[in-house]
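The sequence and the model are shown first.

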Amino acid sequence: MLGRFKELGLLVSIIDYGVGNVLSIARAVSAAGGRAVLIKTAQEISGADRLLLPGVGAFGHCANNLRRHGLEQAIKDFAHSGRPFLGICVGMQLMLDESAEFGRHPGLGLIPGRVERIPNLGADGLIHKVPYVGWNQLLRPKSRHSWQGTVLEKLREGDWAYFTHSYAAMPIDESHILSESDYFGFRRTTAISRDNLYGCQFHPEKSGSVGLEIISRFLTM
Amino acid sequence: MRTTRLIARLDIKGASLIKGINLEGVRKIGDPQEYARAYYGDHIDEIIYMDIVASLYDRSMITDIVSHTADNVFVPITVGGGIRSVDDVSAMLRAGADKLAINSAAIARPELIRDVATQFGSQCMVVSIEAKSMGAGKWQAYTDCGREPTGRDVVEWARQAVDLGAGEILLTSIDQEGTRRGFDLALISAVSSAVTIPVIASGGMGATADLVKAVGAGADAIAMADILHYKRVSLAEIRAGAISAGIRVREV
């Protein structure tokens, strides 16, 4: 059975390293027409067709869990192999070099840049609530002519996704910015990409049909 | 501009969706999963399941309801009622909940908020506060569907919950709940201005105008129950009404 799905290219290996609600993602993968397997070892990572790295809570906690399970090198090797990779929420933040959440914590360094706290001061001069919990619109950055060929291919500019976060990615190279969203009058990066690597700050598994479209596109990468 | 979330709140008793007045006098409405799925189809932003008799019975029923809902509802699902420990949280997350709303157990043992936030992240730790007016801008926190006074001041308790790592506050006005007379705006304003985390206003929505006032008072999200359950106003009409009042909501 697994062999058949492998041939169809619909298998997603979700790294289950003790953070994040992996079952919610697995359910969404099923709804998008794929098949999810939860994996825990470096060996399983190297054998995966396409890899999904979830993550919720504090960056340092997630990063430490990855290292404690001895998965860091296997993920880096996978990322360099050219096979499709998707990071979600803190899983996306881990793709960058480091985060400033509760001290300085190194990430996986797959995409140059840092993760910084979202300033609560808006363009209107008012103080806004951070964490940002709720829906926001995905906007195409000026540096991109289209989302063709990416996980956002099936979306329209301005489609809504569900977020819950206090920190945001700041890639150094603007060509790695896949989508931006407006936070109190300032545009911040909400999805990143580099070759075979994709990361979304929002939760596609909780973003209704828009999120399922993203997962469905990832399935055919 | 911030985006206001529109949330369907489904109070559950056993296997049934119910609705009460002032959190009492419950009446059966139907199958909660059918309602949750219909709201998802109408593009609700989130679902809250509140097991109102969880402290009296076992929770296998609500666990089943959550698990089946999560199979085809892909927006955040919050579950409240009878969650007492980190193990209860873990079990409910496995069943498909994204966030847990905790009241009684957090009142009895505030460290539970920190334990849950540390282990699973603040994003899933919703502190549920049942507030009853004591007059003169004071509210007392209650438990057990507004039956048990705790002696705690609502605003103080909300501040403490934030310090312990709560990610959101579900603020239910016992006085307004089920009355359709509008939200307790002074309560929303007092709590929202005291904390840095989102406040979900619950209890009293009779018309879209009530939502507009609650957002004006500082609510970040609006929980709606019988206005939706009895189809008095459709979600599309509520969304359109909010937009025409200048409130940013998810558009579909």
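Predicted model: local features only at pLDDT ≥ 70, side-chain atom pairs only at ≥ 80, totals over all residues.

**Helix packing in chain A**

Two packed helices are described by the angle between their axes and the distance between the axes. In chain A, helix 2 (residues 22-31) packs against helix 7 (residues 208-219) at an angle of about 75°, and their axes lie 9 Å apart. Angles of 65 to 115 degrees count as roughly perpendicular, and helix 2 of chain A and helix 7 of chain A are therefore roughly perpendicular to each other. From helix 2 of chain A, Ala28(A), Val29(A) and Ala31(A) meet Leu212(A), Ile215(A) and Leu219(A) of helix 7 of chain A. The residues of this contact comprise six nonpolar, no polar and no charged.

**The interface of chains A and B**

Chain B contributes 38 residues to the contact, and chain A contributes 29 residues. Between them the two chains bury about 2,400 Å², of which 52% is on carbon and sulfur atoms. Of the area that chain B buries against chain A, 25% is supplied by Phe74(B), Arg248(B) and Arg250(B), more than by any other three residues.

| Link between chain B and chain A | Count |
|---|---|
| Salt bridges | three salt bridges |
| Polar contacts (both residues at pLDDT 80 or more) | 18 residue pairs |

One salt bridge joins Lys206(A) to Asp98(B), with the closest N and O atoms 2.9 Å apart. On the side of chain B that touches chain A, helix 2 (60-72), helix 3 (86-95) and helix 5 (111-120) of chain B each supply at least two residues. By class, that side of chain B has 16 nonpolar, 10 polar and 12 charged residues.

Methods: Residues numbered from 1 in each chain as written. Chains lettered and ligands numbered in written order. Heavy atoms only, no water. Axes fitted to C-alpha atoms, helices over the stretch in contact; angles between N-to-C directions. Helix = DSSP H or I, 4+ residues; strand = E, 2+ residues; numbered from the N terminus. Parallel < 35°, antiparallel > 145°, perpendicular 65-115°, else oblique. Contact = heavy atoms within 4.5 Å. Nonpolar A, V, L, I, M, F, W, Y, C, P; charged D, E, K, R; others polar. Buried area = accessible area lost by both parts, 1.4 Å probe. Salt bridge = Lys/Arg side-chain N within 4 Å of Asp/Glu carboxyl O. Polar contact = N/O pair within 3.5 Å; in protein donor to acceptor, adjacent residues only side chain to side chain.
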